[in-house]
Amino acid sequence: MKPFESLFDQLINPKNIVITTHPNPDADALGSSLGLMHFLVGLGHKVSVITPTDYPDFLEWMPGNEKVIAYCEEHHHIVTAKITKCDLIFCLDFSSTHRLKGMESLIREAAAEKVLIDHHLDPEDFVDYKLWDTKAAATAELIYDFIVMMGKKEAITADIANCLYAGIMTDTGSFKHPSTTAKVHTIVADLIELGANVNYVSREIYDTNSLSRLRFLGYALSEKLVVKPELQVAYLTVSDEDFKRFNLKSGDTEGIVNYALSIRGIVMATIIIEREKEVKLSFRSIGNYSVNTFAGEFFNGGGHKNASGGSSEDSLEKTVERFEALIQDYKDKYRD
Ligand code: 5GP
Ligand code: MN
């Protein structure tokens, strides 16, 4: 590992740079990536943002969205060429390379120097430079820090400010999570002064529901929500059939798990989603209850103490059965 500041010398002369992030990128993953892309392009670098999978429509407003390459079979050659030929790879908002899915070996084996900027627990040791802080509310906060550390705050344009604001707004649950420090508000104040449009960003992300998503939300809360008051756990499942019936897109399930966690007395909530090749689980908890270890122990996942994810290769039914068995002693075992 090299001192993080020595990275700044690498950025003096124009370079070919790849920025990547986690699959199903959220607003922090994509906002950090595009915010950093605009900044580095402003310094004279050639930059490609490559995501391991596609992402929801409600992120497509982000400036630079049209330049993002989402990895898939069809893009394999172009992605391989970019990753093998670049000088520097930024890995944002994830801490273990298995999350890169089909791009994992390409990134691990690339000759380029690698930089990790992240706020997840337990980062793997695969990079040359690391800006890592689990206390940071969002990776976007660390991108802001990075720009300031380089002495380039005045280079933050309105586009960069909007991208970083989106990451901080969503990863703090709209400034509600315990990660919402005074520093977060100070950074956000700066971003607003630099051109972030609070109303525009929050409308694009939170207030642009399709009618089918709203109908599905009603159905999920009334028909699919399972509450186990004695275990203090609530969960819901979304099947492939639900996706078809309500004409859902992958981003349409985002945020629904928070309704389950909002029930008084519930300390852990989960949404279990049937996807094409796997079953995806999103865990949320409150206070001293940790979902990170639970996700890691049983569902090959991880994340943060109160917000984690994982996956299962079993069928939806089998996954739910296993989950039901595992939550029996959740509230006793996963309290710090
Ligand atoms: P979400 O439930 O919103 O997909 O993810 C919540 C948090 O857990 C995010 O910080 C995300 O990066 C992390 N996370 C989600 N899925 C996985 C996973 O499969 N593995 C790991 N290690 N982290 C995950
Ligand atoms: Mn994040």
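In this predicted model, the second largest pocket is lined by Asn-16, Ile-17, Val-18, Lys-46, Val-47, Ser-48, Ala-81, Lys-82, Lys-85 and Cys-86. Strand 1 (16-20), strand 2 (46-51) and helix 3 (76-85) are the elements that each give two or more residues to this lining. Elsewhere in the structure, a manganese ion (ligand 2) is coordinated by three aspartates and a histidine, namely Asp-28, Asp-93, Asp-171 and His-119, and a search of the whole structure finds 21 aromatic pairs.

- The volume of the second largest pocket is about 150 Å³.
- By residue class, the lining of the second largest pocket divides into five nonpolar, two polar and three charged residues, and Lys-46, Lys-82 and Lys-85 are among the residues that line the pocket.

**The manganese site**

- The manganese ion (ligand 2) is held at 2.2 to 2.4 Å by OD atoms of Asp-28, Asp-93 and Asp-171, together with NE2 of His-119.
- Along the sequence, the donor residues of the manganese ion (ligand 2) follow the spacing D-x64-D-x25-H-x51-D.
- Asp-28 and Asp-171 are both buried.

**Aromatic pairs and the ring cluster**

- Among the 21 aromatic pairs in the structure, the one formed by Phe-4 and Phe-8 has ring centres 6.0 Å apart and planes at 90 degrees, so this pair is edge-to-face.
- Phe-4 and Phe-8 are both buried.
- The rings of Phe-294 and Tyr-330 have their centres 5.4 Å apart and their planes at 90 degrees, and the pair is therefore edge-to-face.
- This pair joins distant parts of the chain, with Phe-294 in helix 12 (residues 292-299) and Tyr-330 in helix 14 (residues 330-333), 36 residues apart, and both Phe-294 and Tyr-330 are buried.
- Phe-294 and Tyr-330 also belong to a cluster linked by ring pairs, which includes Tyr-235, Phe-283, Tyr-289, Phe-298, Phe-299, Phe-323 and Tyr-334.

**Arginines over aromatic rings**

- Arg-322 lies over the face of Phe-299, at 4.9 Å from the ring centre, and Phe-299 is one of the residues in the ring cluster.
- Arg-245 lies over the face of Tyr-219, at 4.6 Å from the ring centre.

**Helix 5**

- Nine of the eleven residues of helix 5 (residues 139-149) are buried, so this helix is largely enclosed by the rest of the structure.
- Helix 5 is followed by Gly-151, whose phi is positive, near 75 degrees.

**The loop between strand 2 and strand 3**

- Pro-52 is placed in the loop between strand 2 and strand 3 (69-70), and because its relative accessibility is 5%, Pro-52 counts as buried.
- Although Pro-52 and Thr-20 are 32 residues apart in sequence, their C-alpha atoms are 7.6 Å apart in space.
- Glu-60 is also placed in the loop between strand 2 and strand 3, but with a relative accessibility of 41% Glu-60 counts as partly exposed.
- A separation of 34 Å lies between the C-alpha atoms of Glu-60 and Ile-266, which are 206 residues apart along the chain.

- Most residues other than glycine have a negative phi.
- Asn-24, in the loop between strand 1 and helix 2, has a positive phi near 45 degrees without being a glycine, and its relative accessibility of 28% makes Asn-24 partly exposed.
- Lys-101, in the loop between strand 4 (88-92) and helix 4 (104-109), likewise is not a glycine and has a positive phi of about 50 degrees.
- The relative accessible area of Lys-101 is 39%, so Lys-101 is partly exposed.

Notes:
Residues are numbered from 1 along each chain as its sequence is written. Chains are lettered from A and ligands numbered from 1 in the order in which they are written. This is a predicted model: local features need pLDDT of at least 70, side-chain atom pairs count only at pLDDT 80 or more; totals for chains, interfaces and linings use all residues. Side-chain values use heavy atoms; hydrogens and water are left out. Donors are N, O and S atoms within 2.8 Å of the metal (3.2 Å for Na, K and Ca); water is not among the atoms, so sites may look incomplete. Buried means under 20% relative accessible area, exposed over 50%, partly exposed in between (1.4 Å probe, protein chains only). On a 1 Å grid over the protein atoms alone, a cavity is a set of points where a 1.4 Å probe fits but cannot get out, and a pocket is an open set with protein on both sides within 12 Å along at least five of seven lines; lining residues have an atom within 4 Å of a point. Grid points are joined across faces, edges and corners, and a volume is the space filled by probe spheres set on the points. Helices (H or I, at least four residues) and strands (E, at least two) are DSSP runs, numbered from the N terminus. Ala, Val, Leu, Ile, Met, Phe, Trp, Tyr, Cys and Pro count as nonpolar, Asp, Glu, Lys and Arg as charged, and the others, Gly among them, as polar. Rings of Phe, Tyr and Trp (its six-membered ring) pair if their centres lie within 6.5 Å; planes under 30 degrees apart count as stacked, over 60 as edge-to-face and the rest as tilted. A charge sits over a ring if NZ of Lys or CZ of Arg is within 6 Å of the ring centre and within 35 degrees of the ring normal.
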